[in-house]
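Here are some brief notes on one strand and its neighbours, and on one pair of helices. Please read them with the model open.

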Amino acid sequence: MRHGSQLNLANRFERLNTEADLEQLAWDDEYLQQRGTQPIEYLPDASQSIVSENDSPDIGFRFSVNPYRGCAHGCSYCYARNSHEYLGYSAGLDFETKILVKHDAPRLLREFLSRKSWQPEPIIFSGITDCYQPAEREHRLTRGCLQVALECRQPIGIITKNALVVRDLDLLGPMAALNLVHVNISVTTLDAALARAMEPRTSIPAARLRAIATLAAAGVPVRVMVAPIIPGLNEMEIPAVLDAARQAGATDARYTLLRLPLSVAPVFREWLARERPALKDKVEGLIRQTREGQLNRSEFGQRMRGSGPMAEQIRNLFRVFRRRHGFTDLPAYATQHFRAPMGNDGQMRLF
């Protein structure tokens, strides 16, 4: 089984950590390779809330739903990896092999939308890990939450790099007819080999483009996310990705620059040295050019776009081709259709 990370880093919140001493096994390539693979475990998450709120000024939404914590897609660059450390796990292999499943997600969303204080505004699926990752095939929690949203006429935004999203077209179509849904599909590269190395268990690029086409043909507003842009690795693909996405039917396009916060940086650097050793120094150097000499800058505004000539070059390239291909903003969400759900006890809200 291929992983984005071959590391299980020390958890920065734990006082004690263990480190394997493998010096005496340096000759045993087969054993060392086996140590770098782990089966995927799906663990129950007994969280009693499902909607998270953020106030970050450079994130375009306030509320999000994450049915899963950790992500089996195994993207080497994933900015959310260090969130697994809050659970006592590693940002490396643990993040992509120990997946926490919120089995009560649809019920918890229904309860949230039943609150008298709720004033409808968009909720994003998901703000951190992918809501259509492989676990969704079996557990169908994202679908369950979409069923609640359609019943309540609750506006939803979806962010994914998995073509599994088209499975739920029977829900997304009626939601789109009421301006209740946007789908954002991430296309990092059109190179299938690079995608398989960098994003091991995501849908291949061609499947993502087919998903865009299928959704668009059904009237679902689709935005392509060229994310993340990694200087020296995929920024030269911006024109081709935008062209392919526009031809498939995407009507909006956005991007974010690679982010390497905290324990994400060593995971990505290990991947780069292992999978693209000839490019390692070049890519790291260009990343530092966009981050004022560092691998990451966490300031609001700067963290998504970077700074300096290289970041400006990427920004201008994206703007030119976004304009050339006629991308526009997605239609505004409709909130006037919202209706509070019937409670889990079968009681309707009076006021």
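Notes on the model

1. β9 and strand β10 (residues 252-257) are paired in parallel through five bridges. Strands count as paired if DSSP finds at least two bridges between them; strands (E, at least two residues) and helices (H or I, at least four) are DSSP runs numbered from the N terminus. Val226 lies opposite Tyr255 in β10.

2. This is a predicted model, in which local features need pLDDT of at least 70, side-chain atom pairs count only at pLDDT 80 or more, and totals for chains, interfaces and linings use all residues. Residues are numbered from 1 along each chain as its sequence is written, and side-chain values use heavy atoms, without hydrogens and water.

3. β9 also pairs with strand β8 (residues 181-186), again in parallel, over four bridges. Here Ser186 faces Met225 of β9.

4. Is β9 (residues 222-229) mostly covered or mostly uncovered? Mostly covered: eight of its eight residues are buried (under 20% relative accessible area with a 1.4 Å probe, protein chains only).

5. Helices α5 (residues 141-152) and α6 (residues 169-177) pack with their axes 10 Å apart and at an angle of about 30°; axes are lines fitted to C-alpha atoms over the stretch in contact, and angles run from 0 to 180 degrees between N-to-C directions. The two helices are therefore roughly parallel (angles under 35 degrees). On the α5 side, Arg143, Leu146, Gln147, Ala149 and Leu150 make the contact, and on the α6 side Asp170, Leu171, Leu172, Pro174 and Met175 (heavy atoms within 4.5 Å).

Methods: Buried < 20%, exposed > 50% of the residue type's maximum accessible area, 1.4 Å probe, protein only. Parallel < 35°, antiparallel > 145°, perpendicular 65-115°, else oblique.
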